[in-house]
Amino acid sequence: MEADASDGTSTRPAPLPVRFAQVFISPIRLFDGLGERPVWGAALVLGGVLVVAGIFAIPTDVWNEFVRAQLLETGQPIPEGVQLGGRLFRWFGVVGGVVFWFIWAFLLSGVVTFAFAFVLGDEVHYRQVLSAAAHCLLIPALGGLLVLPLRVMQRDPQLVLSVGTFLPFLEGYPAALLQSLDLFSLWAFGLLGVAVTRFDRRRSPAVAVTIVVGVFVGLMAVTAAFQR
């Protein structure tokens, strides 16, 4: 069942597979359609499914090695049931990933709507932003599957392709911050900024993209501060 903002017109949104493809090959056309019919439910569920698939596709032995490495890093003894720990971490990852996925989409949409509609005075509505966010976030959801071979080879379920990947010599807070700047997420946030300009075309794309990407970098900067 698709959630939308029905306005009494006969216009129907494109099927989900078409919208999924448009995220990558025709985002402007996608956003123009979402501005009129801001559907988001199916796209958000699809993103959650991709996240779950990416977590479940990681072999159990990789999760076991991840748990072992975490225990060694904290100086704790390795229990005999470390394999059970790997399975539990996988399930925790699934549950946590799905819950975070939906919370993140709604929270992000609220922050972006507040910034543009209430602070800057743009004619942007929450449901429009939510619909765009649900589709843009399909990029990092799919990215999790694309980096799966690297996660298996590196034996690290949390590995991401980030800005920090290309600057391995950095240490401390700069390294933590740049490692958190996932390239697929940066792509998604940049597109979300473009989407805002299609909902209110008075807004400059350069300004909108800078603001939305800045929101992401700011949130990651706070998160990185607790990872040192």
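Which helices each supply at least two residues of the lining of the largest pocket? In this predicted model, they are helix 3 (41-56), helix 4 (60-73), helix 5 (82-119), helix 7 (138-146), helix 9 (172-180), helix 10 (183-199) and helix 11 (205-225). The protein to which they belong has eleven helices and zero strands, and 42% of its 228 residues count as buried.

**Overall build**

- Read from the N terminus on, the elements of the protein follow the order α-α-α-α-α-α-α-α-α-α-α, in keeping with a count of eleven helices and zero strands.

**The largest pocket**

- The space in the largest pocket amounts to about 1,500 Å³, and 45 residues line this pocket.
- Of these lining residues, Phe100, Arg151, Pro157, Gln158 and Val160 are the ones that lie nearest the centre of the largest pocket.
- Helix 5 gives the largest share of the lining of the largest pocket, namely seven residues.
- When the lining of the largest pocket is sorted by class, it has 25 nonpolar residues, 14 polar residues and six charged residues.

**The second largest pocket**

- The second largest pocket holds about 160 Å³ of space, and its lining is made of twelve residues, of which Pro13, Ala14, Arg29, Gly33 and Leu34 lie nearest the centre.
- Two or more residues of this lining come from each of helix 1 (16-25) and helix 2 (27-36), and helix 2 gives the largest share, with five residues.
- Sorted by class, the lining of the second largest pocket has four nonpolar, three polar and five charged residues.

**Helix 6 and its partner, helix 7**

- Helix 6, which spans residues 126-136, is mostly covered, since nine of its eleven residues are buried.
- The buried residues of helix 6 are Gln128, Val129, Leu130, Ser131, Ala132, Ala133, Ala134, His135 and Cys136.
- Two packed helices are described by the angle between their axes and the distance between the axes.
- For helix 6 and helix 7, the axes come within 4 Å and cross at roughly 15°; an angle under 35 degrees counts as roughly parallel, and the two helices are therefore roughly parallel to each other.
- Where these two helices meet, Ala134, His135 and Cys136 belong to helix 6, while Leu138, Ile139 and Pro140 belong to helix 7.
- The residues of this contact between helix 6 and helix 7 divide into five nonpolar, one polar and no charged.

**Helix 9**

- Within helix 9, the buried residues are Ala175, Ala176, Leu177, Leu178 and Ser180.
- These buried residues of helix 9 pack against helix 11, and both helix 9 and helix 11 are among the elements that each supply at least two residues of the lining of the largest pocket.

- Leaving aside residues up to four places away in sequence, Val52 touches Val94 and Val98.
- Val52 and Gly93 are 41 residues apart in sequence, and the distance between them in space is 8.4 Å, taken C-alpha to C-alpha.
- Thr197 is part of helix 10, and because its relative accessibility is 6%, Thr197 counts as buried.
- The residues that Thr197 touches, again leaving aside those up to four places away in sequence, are Arg203, Ser204, Pro205 and Ala208.
- Arg155 lies in the loop between helix 8 (148-154) and helix 9, and with a relative accessible area of 28% this residue is partly exposed.
- The phi angle of Arg155 is near 60°, which is a positive value in a residue other than glycine.

Conventions: Residues are numbered from 1 along each chain as its sequence is written. This is a predicted model: local features need pLDDT of at least 70, side-chain atom pairs count only at pLDDT 80 or more; totals for chains, interfaces and linings use all residues. Side-chain values use heavy atoms; hydrogens and water are left out. On a 1 Å grid over the protein atoms alone, a cavity is a set of points where a 1.4 Å probe fits but cannot get out, and a pocket is an open set with protein on both sides within 12 Å along at least five of seven lines; lining residues have an atom within 4 Å of a point. Grid points are joined across faces, edges and corners, and a volume is the space filled by probe spheres set on the points. Ala, Val, Leu, Ile, Met, Phe, Trp, Tyr, Cys and Pro count as nonpolar, Asp, Glu, Lys and Arg as charged, and the others, Gly among them, as polar. Buried means under 20% relative accessible area, exposed over 50%, partly exposed in between (1.4 Å probe, protein chains only). Contact means heavy atoms within 4.5 Å. Axes are lines fitted to C-alpha atoms, for helices over the stretch in contact, and angles run from 0 to 180 degrees between N-to-C directions. Angles under 35 degrees count as roughly parallel, over 145 as roughly antiparallel, 65 to 115 as roughly perpendicular and the rest as oblique.
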